[in-house]
Amino acid sequence: MTIDSSRLRIAIQKGGRLSDESKKLLKAIGIKFSTRDRKLIAHSTNEAVDLLLVRDDDIPGLVMDGVCDLGIIGQNVLEEESLEREAKGNAFDYKELKVLDFGGCRLSIAVAEEMDYNGPQDLQNARIATTYPRLTEKYMAEKGVNLSFCLLKGSVEVATRAGLADGICDLVSTGATLEANGLKEAEVIYRSKAVLIQTASELSAEKQALIDTFMTRIEGALQAKESKYIMLHAPKAKLDQVVELLPGSGTPTVLPLAGNDDTVALHVVSPETLFWETMEELKTLGASSILVMPIEKMLN
Ligand code: ATP
Ligand code: MG
């Protein structure tokens, strides 16, 4: 296995909650690759890009140490690694390029359901089981609460019942796992999303240019995801009122309809979707044939 350092190296999670969305994003910006053969490295077939498929915990370090040029990682893992390195006096530089629209979750302290919890002070000198001791310590220290930790990389949610800790601090999305383990959410200490980061080391002009191109494409891909192409027929007399109802429509395209002088066709790219309520209001104004369509790509 050889690594060509002239190719842009991107670290993504091999398998897990960020894996599919990370790959989807890279494909959406035109990078072709296959990860089917379960190797550590996947070479892109159309761009000077190599993907490194690793455990998510390794991604911040790979980027901070300049082993990879880019990485996609949860802010929770990135921030924990930064705090850890800072505490040890090690370098933890990186550039944040873009907060992404996936991987949303919160890091929360949870305690036994039967505990009478009134606030952070109730956890003074408690022992907390977590994968994220630095983030937890930072938040609670700001509240004047001192903690000790039981470090666990997995199965954190059983720690309280197993008598290892007084509470846990773990990632939550719905809270179902907490409930199933007899826990309740006590404090939300950090909200996280996936983020795209770049090494702080200077890159070659070619690599930097490629990153800049990808960033423009990412903006386009994210914008396209939220935007809709809206088409409808509207009575000429009500055109102003119809346009006013369309979200963010500056200058719609107005087209004549064959054999109908009173009605026009209206096309507009809207930065957000059209709600049923708005569609119904449009209909009340006399609009018809209202179509809302997804947009695949966009370049402004
Ligand atoms: P790996 O094997 O790569 O170390 P992992 O088990 O540490 O994987 P995952 O469970 O795949 O990690 O989660 C990866 C990231 O996904 C988390 O760090 C977090 O940023 C994000 N995430 C989003 N929703 C959730 C959730 N409900 N629970 C846990 N993580 C979530
Ligand atoms: Mg991990």
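Q: Relative accessible area under 20% means buried, over 50% exposed, and in between partly exposed (1.4 Å probe, protein chains only); why is Asp57 called partly exposed?
A: The relative accessible area of Asp57 is 28%, so Asp57 is partly exposed.

Q: What kind of model supplies these values?
A: This is a predicted model, in which local features need pLDDT of at least 70, side-chain atom pairs count only at pLDDT 80 or more, and totals for chains, interfaces and linings use all residues. Residues are numbered from 1 along each chain as its sequence is written, chains are lettered from A and ligands numbered from 1 in the order in which they are written, and side-chain values use heavy atoms, with hydrogens and water left out.

Q: Where does Asp57 lie, and which residues does Asp57 touch?
A: Asp57 is in the loop between strand S3 (49-54) and helix H2 (59-64); helices (H or I, at least four residues) and strands (E, at least two) are DSSP runs numbered from the N terminus. Residues up to four places away in sequence aside, Asp57 touches Val77 and Lys153, where contact means heavy atoms within 4.5 Å. Thr251 stands 194 residues from Asp57 along the chain, with 47 Å between their C-alpha atoms.

Q: What makes Leu62 count as buried?
A: Leu62 has a relative accessibility of 17%, and therefore counts as buried. This residue belongs to helix H2. Beyond the residues up to four places away in sequence, Leu62 touches Ala11, Leu52, Val54, Val67 and Cys68. From C-alpha to C-alpha, Leu62 and Glu80 are 14 Å apart, with a sequence separation of 18 residues.

Q: Why does Ile31 count as buried?
A: Its relative accessibility is 1%, so Ile31 counts as buried. Ile31 is in the loop between helix H1 (19-28) and strand S2 (41-43). Residues up to four places away not being counted, Ile31 touches Ile10, Leu26, Ser44, Asn46, Glu47, Val49 and Phe214. Ala48 is 17 residues from Ile31 in sequence and 9.2 Å from it in space, C-alpha to C-alpha.

Q: How do you know whether Arg85 is buried or exposed?
A: With a relative accessible area of 12%, Arg85 is therefore buried. Arg85 is part of helix H3. Neighbours within four places in sequence aside, Arg85 is in contact with Gly61, Met64, Asp65, Asn90, Ala91 and Phe92. Ser201 is 116 residues away from Arg85 in sequence, at 17 Å between C-alpha atoms.

Q: Where is Ser155 placed, and what is its phi?
A: Ser155, likewise a residue other than glycine, has a positive phi near 50°. Its loop runs between strand S8 (148-151) and strand S9 (167-172).

Q: Why is H3 called roughly perpendicular to H4?
A: Helix H3 (residues 75-88) packs against helix H4 (residues 133-142) at about 80°, with 8 Å between the axes. That angle makes H3 roughly perpendicular to H4, because 65 to 115 degrees counts as roughly perpendicular, under 35 as roughly parallel, over 145 as roughly antiparallel and the rest as oblique. Axes are lines fitted to C-alpha atoms, for helices over the stretch in contact, and angles run from 0 to 180 degrees between N-to-C directions.

Q: Which residues of H3 and H4 meet?
A: H3 contributes Asn76, Glu79, Glu80, Leu83, Glu84 and Ala87, which meet Pro133, Arg134, Leu135 and Lys138 of H4. The contact holds 4 nonpolar, 1 polar and 5 charged residues; Ala, Val, Leu, Ile, Met, Phe, Trp, Tyr, Cys and Pro count as nonpolar, Asp, Glu, Lys and Arg as charged, and the others, Gly among them, as polar.

Q: How many helices and strands does the protein chain have, and what share of its residues is buried?
A: The protein chain has 8 helices and 15 strands. Of its 300 residues, 45% count as buried.
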